[in-house]
Amino acid sequence: MRTILITGPGGSGRTTVAAATGLAAAREGTRTLVLSADRTDTLGTVLGVPTGSTPVKVTPNLTAWRPDATAGFRDDLAGFQDRASNVLNLLGASRLDPEEVTPLPGAEELTLLRALRDAALAEAHELLVVDLPPTSQALALLSLPGELRRYLRRLLPAERQAAAGLRPVLGRLAGIPMPSEWLYETAARWDTELGAVEAVLADGQAVVRLVAEPGPAGSDAVRSAGLALALRGLRPDALVANRVVPQEWPAGLVAQQRKALEEWQESYDVRAVPHLGHDPRGADDLTALAVPEVNGTTSTVEWPITDRLAEDGVLVWHIPLPGAVREELDLVRRGDELVVSAGQFRRIVPLPSALRRCTVAGAALREDELRIRFAPDPELWPRTP
């Protein structure tokens, strides 16, 4: 199944573009699902059909779905209380009733990830168009499955030696038996669910598409989003320049948009979507937007390793980081992981197997590419006879 993840700065019209993209694909005969996480029914307003927790048919080939974070959070909490009933009883804790539960911060994001996984596994559609939150939240959302899996493995390692050794001590301190088996079963279930979401997001069939309105604010947002996506090994398949005004509009606005468009075209496949003079509503307006069609490109960017052992005695890891500033870059080696920071963004990257047997020998930023040099560790590197 092809997946298009659409995001952009707040107010850029990303929901409208997502709806128009889904409608255009459906008219071509593609079974399409448009998925949104907005609390308010912006998607339904644009489509002209109310959307909610139950998927609704907009056209014969187009379905829209806006999962209910509150209901999902209540179900999760009820399941947690059932599984932890013995421990809760020992602690004297009282159960929470569904009516008194309100979703915690982040519940919408987790609900969207679960819906994304369920839609992919159901295989009922050929195309999934996801209306992601604004860019900053969307980037955190894309990182969430991998980060949570990493935390789980650090806190509850599969080997269980640490927990087995600590369990008697923790039991004496708490005065109750520690539910280690339950913890590990829960962690394994979460790891499986998060792994399924991560697989969907990492699939070569999933692409990220940026939406921005040309202008100074849009340019800043695109620059920031491009760097953040690059740090995750992603590149937008297209940059949708939304609300591009006609030439007969005020000259200052036209010139401002043209300058931004020329700048974007140097780095992205820019697709201009016209300003209709009003907020798009309904199928006719969405069709008039002429959004870019679904293509066969990928958003995944490779980070190649160059073998320069013969010339310089090092392996060089190439990490494309367009827009990165040398003074805002930071690298920290931590075991078999590398912590890469670029401005306000940070990612913990597992090292490829060959580089784990090396030490970091230096790094440089050249031509929008971070090049990290690794020298073989004599104690770990295979020796030549």
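**Exercise 1. Strand E2 and its partners**

Task: In this predicted model, find how E2 and strand E4 (residues 62–65) pair: parallel or antiparallel, and over how many bridges? Then find what joins E2 to strand E5.

Solution. 
- Step 1. Take E2 and E4. They pair in the parallel sense, over four bridges.
- Step 2. Pick a residue to check. Val 34 stands opposite Ala 64 in E4.
- Step 3. Turn to strand E5 (residues 127–131). Five bridges join E2 to E5, and these two strands run parallel.
- Step 4. Thr 32 has Leu 127 of E5 as its bridge partner.
- Background: strands of a sheet pair through backbone hydrogen bonds, either parallel or antiparallel.

**Exercise 2. The faces of E2**

Task: Work out how many of the residues of strand E2 (residues 32–36) are buried, and which residues lie on each side.

Solution. 
- Step 1. Recall the cut-off. A residue is buried under 20% relative accessible area.
- Step 2. Count. Five of the five residues of E2 are buried, and the strand is mostly covered.
- Step 3. Sort by side. Thr 32, Val 34 and Ser 36 lie on one side, Leu 33 and Leu 35 on the other.
- Step 4. Conclude. Both faces of E2 are covered.

**Exercise 3. Helix H1**

Task: Compare the reach of helix H1 (residues 14–27) with its expected value. Then state how many of its residues are buried.

Solution. 
- Step 1. H1 has 14 residues.
- Step 2. From first C-alpha to last, H1 reaches 20 Å, close to the 20 Å expected at 1.5 Å a residue.
- Step 3. Twelve of the 14 residues are buried, and H1 is mostly covered.
- Step 4. Name some. The buried residues of H1 include Arg 14, Val 17, Leu 23 and Ala 26.
- Step 5. Look past the end. Just after H1, Gly 29 takes a positive phi of about 95°.

**Exercise 4. An open sheet**

Task: Give the strand order of the open three-stranded sheet that contains E11. Which strands are at its edges?

Solution. 
- Step 1. The order is E11-E12-E13, with antiparallel pairing.
- Step 2. The edges are strand E11 (329–334) and strand E13 (345–350), and each pairs on one side only.
- Step 3. Neighbouring strands of this sheet are turned by 15° against each other on average, direction ignored.
- Step 4. Six bridges join E11 to strand E12 (residues 337–342). In one of the pairings, Asp 330 has Ser 341 of E12 as its bridge partner.
- Step 5. Helix H9 (residues 216–231) lies across E12 and E13, and runs at about 15° to E13.

**Exercise 5. Aromatic pairs**

Task: State how many aromatic pairs a search of the whole structure finds. Then classify the pair of Trp 303 and Trp 317.

Solution. 
- Step 1. The search finds two aromatic pairs.
- Step 2. For Trp 303 and Trp 317, the ring centres are 5.8 Å apart and the planes stand at 70°. Planes over 60 degrees apart count as edge-to-face, so this pair is edge-to-face.
- Step 3. Locate the residues. Trp 303 lies in the loop between helix H11 (282–288) and strand E9 (305–308), and Trp 317 in strand E10 (residues 314–320), so the pair ties together parts that are 14 residues apart in sequence.
- Step 4. Check cover. Trp 303 and Trp 317 are both buried.
- Step 5. Widen the view. Ring pairs link Trp 303, Trp 317 and Phe 374 into a cluster.

**Exercise 6. The whole protein**

Task: How many helices and strands does the protein have, and what share of its residues counts as buried?

Solution. 
- Step 1. The protein has 13 helices and 15 strands.
- Step 2. Of its 385 residues, 42% count as buried.

How values were computed. Residues are numbered from 1 along each chain as its sequence is written. This is a predicted model: local features need pLDDT of at least 70, side-chain atom pairs count only at pLDDT 80 or more; totals for chains, interfaces and linings use all residues. Side-chain values use heavy atoms; hydrogens and water are left out. Buried means under 20% relative accessible area, exposed over 50%, partly exposed in between (1.4 Å probe, protein chains only). Two strands pair if DSSP finds at least two bridges between them. The expected span of a helix is 1.5 Å times one less than its number of residues. Axes are lines fitted to C-alpha atoms, for helices over the stretch in contact, and angles run from 0 to 180 degrees between N-to-C directions. Contact means heavy atoms within 4.5 Å. Rings of Phe, Tyr and Trp (its six-membered ring) pair if their centres lie within 6.5 Å; planes under 30 degrees apart count as stacked, over 60 as edge-to-face and the rest as tilted.
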